[in-house]
Amino acid sequence: MKNKIASKIKTLKAGAPIIVEWMDAGYDDNDPIAWSNIKQTAGLEEILIKSIGFFIGSTPNTLFFCMSLEESETDVNIANKGQIPIGCIKTLYTL
């Protein structure tokens with residue numbers, strides 16, 4: 001799956017609108033950094049995130065995107081940058 005996603009990323013151009021579904025490396029918000037019995041982990045669930053934005057670029061390990069993009073005749077400005085480890089990406093769609 002990672003190779004398929006990496007191949008798709010290589011075809012993207014900066015500024016392309018994308019939808020990325022990925023697994024977050026989150027934790028249980030109700031019990032952050034507190035001691036608990038290991039039996040309580042039975043209820044833990046993965047956190048699937050869906051991010052919509054514009055492709056900025058990538059490294060072999062990371063996809064970079066932004067939520068806002070402003071283009072003028074001479075420049076492009078971006079805001080609300082984010083990054084996702086490529087190994088955490090489940091699906092990647094272009095719009």
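Modeller: Let's start with Ser-58, which sits in strand S2. Helices (DSSP runs of H or I, at least four residues) and strands (runs of E, at least two) are numbered from the N terminus. Before we go on, please keep in mind that this is a predicted model: local features need pLDDT of at least 70, side-chain atom pairs count only at pLDDT 80 or more, and totals for chains, interfaces and linings use all residues. Residues are numbered from 1 along each chain as its sequence is written, and side-chain values use heavy atoms, with hydrogens and water left out.

Is Ser-58 buried, exposed or partly exposed? Ser-58 is partly exposed, because its relative accessibility is 39%. The scale calls a residue buried under 20% relative accessible area, exposed over 50% and partly exposed in between, using a 1.4 Å probe and protein chains only. Leaving aside residues up to four places away in sequence, Ser-58 touches Ile-9, Leu-63 and Phe-64; a contact here means heavy atoms within 4.5 Å.

Now move along the strand to Ile-56, which belongs to S2, residues 47-58. Ile-56 is partly exposed as well, since its relative accessible area is 31%. Together with Val-76 and Ile-78, Ile-56 makes a nonpolar surface patch of about 220 Å². Patches are built from residues with over 30% relative accessible area and no salt bridge; like charges are joined within 9 Å, and nonpolar side chains (Val, Leu, Ile, Met, Phe, Trp, Tyr) within 5 Å. The areas come from the Shrake-Rupley method with a 1.4 Å probe, and for residues only the protein chains shown count as cover.

Side chains of opposite charge can pair when their charged atoms come close. The structure holds one salt bridge, meaning a side-chain nitrogen of Lys or Arg within 4 Å of a carboxyl oxygen of Asp or Glu. Its partners are Lys-50 and Glu-21, with the closest N and O atoms 3.7 Å apart. The pair links distant parts of the chain, as Lys-50 is in strand S2 and Glu-21 is in strand S1 (residues 17-24), 29 residues away. Lys-50 counts as exposed because its relative accessibility is 55%, whereas Glu-21, at 17%, counts as buried.

The chain has one helix and five strands, and from the N terminus on they run α-β-β-β-β-β. Of its 95 residues, 24% count as buried. Among contacts with a separation of 6 or more, 62% are between residues 24 or more positions apart. The C-alpha trace spans about 60 × 30 × 20 Å along its principal axes.

One last stop is Asn-80, in strand S4 (residues 76-85). Most residues other than glycine have a negative phi, and most peptide bonds are trans. Asn-80 has a positive phi of about 60°, although it is not a glycine.
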